[in-house]
Amino acid sequence: MTKAVETDAGPARITWHRAKQPRLVLAVSHGAGGGIEARDLKALAAALPAHGVSVALVEQPWRVAGRKLAPVPKTLDTGWRGVWPALAAPGLPVISGGRSAGARVACRTAGELGARAVLALSFPLHPPGRPEKSRADELLGAGVPTLVVQGGNDPFGRPQEFPEAPGGTYELIEVPYGDHGFAVPKRAEISQERALELITDGVAQWAGSLG
């Protein structure tokens with residue numbers, strides 16, 4: 001089911017993949033260069049409802065409007081705040097999530113929106129080749145249980161580049177050989193299907209631990 005939602009940044013869109021007996025909502029948005037057709041978002045939407053997690057794929061207003069480039073972070077946050085009441089409407093705890101730029105939005109707004117947890121897919125720790133431009137403060141400042149799922153070859157931050165998690169601030173799952181979109185090369189020791197299973201299985205197990 002797809003629903004349009006008005007926000008202060010323009011109309012957004014939510015596509016629901018509902019669990020039969022949901023106990024959590026996982027709301028995930030896309031990155032700055034793609035939409036909800038991303039392979040990891042599609043895989044989560046297909047797999048998580050069987051684990052009692054309804055998945056809401058959120059298209060930011062700029063995507064709904066047909067623009068090719070994402071606006072500034074402040075506007076992305078505004079769009080996310082605007083869809084939150086619809087995400088929380090079922091009365092269930094909401095995991096705030098996203099991939100790449102969407103992961104940053106989830107981290108920045110989790111505390112104020114009352115998110116149960118944050119799922120950060122392909123968190124862009126730094127621009128490619130610019131490790132000194134770290135965005136670790138956003139990740140560490142989420143203030144709620146956080147899971148990072150990161151490709152082993154992600155140019156925006158490889159798993160070993162992430163800072164230690166003080167006090168268990170976040171957990172990290174590595175997808176071996178994966179790039180920023182979790183694509184794995186044909187010569188890799190794992191298949192593309194297996195890479196996606198690592199994501200869906202890991203997220204399902206983590207979501208189960210949230211109660």
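Reader: How many strands form the open sheet, and in what order?
Author: This is a predicted model. Eight strands form the open sheet. The order is β1-β2-β4-β3-β5-β6-β7-β8, with mixed pairing.

Reader: Which are the edge strands?
Author: β1 (2-7) and β8 (170-175). Each of these pairs on one side only.

Reader: And how much are neighbouring strands turned against each other?
Author: By 20° on average, with direction ignored.

Reader: Take β1 and β2. Parallel or antiparallel?
Author: Antiparallel, over six bridges. Strand β2 covers residues 10-17. Within this pair, Thr7 stands opposite Gly10 in β2.

Reader: What about β5 and β6, parallel or antiparallel?
Author: Those two run parallel. Five bridges join β5 (residues 94-99) to β6. Here Gly97 stands opposite Leu119 in β6.

Reader: What holds paired strands together in general?
Author: Backbone hydrogen bonds, in either the parallel or the antiparallel arrangement.

Reader: Back to β6. How many of its residues are buried?
Author: Five of the five, so strand β6 (residues 117-121) is largely enclosed by the rest of the structure.

Reader: Which residues sit on which side?
Author: Ala117, Leu119 and Leu121 are on one side. Val118 and Ala120 are on the other. Both faces of β6 are covered.

Reader: Is Ser100 buried or exposed?
Author: Buried. Its relative accessible area is 10%, and the cut-off for buried is under 20%.

Reader: Where does Ser122 lie, and what is its phi?
Author: Ser122 is in the loop between β6 and α5 (136-140). Its phi is positive too, about 50°, although Ser122 is not a glycine. Ser122 is buried, with a relative accessible area of 0%.

Reader: How does the pocket lining split by class?
Author: Ten nonpolar, six polar and four charged residues.

Reader: How many cavities of 30 Å³ or more are there?
Author: One. The largest cavity has a volume of about 40 Å³.

Reader: Which residues line the largest cavity?
Author: Ser29, His30, Gly31, Ala32, Gln60, Trp62, Leu76, Ala101, Gly102 and Val105.

Reader: What classes does the cavity lining have?
Author: Five nonpolar, five polar and no charged residues.

Reader: Last topic, α6. What span should its 18 residues have, and what does the model show?
Author: At 1.5 Å a residue, helix α6 (residues 192-209) should span 26 Å. Its end C-alpha atoms are 26 Å apart, which agrees.

Reader: Which residues of α6 are buried?
Author: Ala195, Leu196, Ile199, Thr200, Gly202, Val203, Ala204, Trp206 and Ala207.

Technical notes:
Residues are numbered from 1 along each chain as its sequence is written. This is a predicted model: local features need pLDDT of at least 70, side-chain atom pairs count only at pLDDT 80 or more; totals for chains, interfaces and linings use all residues. Side-chain values use heavy atoms; hydrogens and water are left out. Ala, Val, Leu, Ile, Met, Phe, Trp, Tyr, Cys and Pro count as nonpolar, Asp, Glu, Lys and Arg as charged, and the others, Gly among them, as polar. Helices (H or I, at least four residues) and strands (E, at least two) are DSSP runs, numbered from the N terminus. The expected span of a helix is 1.5 Å times one less than its number of residues. Buried means under 20% relative accessible area, exposed over 50%, partly exposed in between (1.4 Å probe, protein chains only). Two strands pair if DSSP finds at least two bridges between them. Axes are lines fitted to C-alpha atoms, for helices over the stretch in contact, and angles run from 0 to 180 degrees between N-to-C directions. On a 1 Å grid over the protein atoms alone, a cavity is a set of points where a 1.4 Å probe fits but cannot get out, and a pocket is an open set with protein on both sides within 12 Å along at least five of seven lines; lining residues have an atom within 4 Å of a point. Grid points are joined across faces, edges and corners, and a volume is the space filled by probe spheres set on the points.
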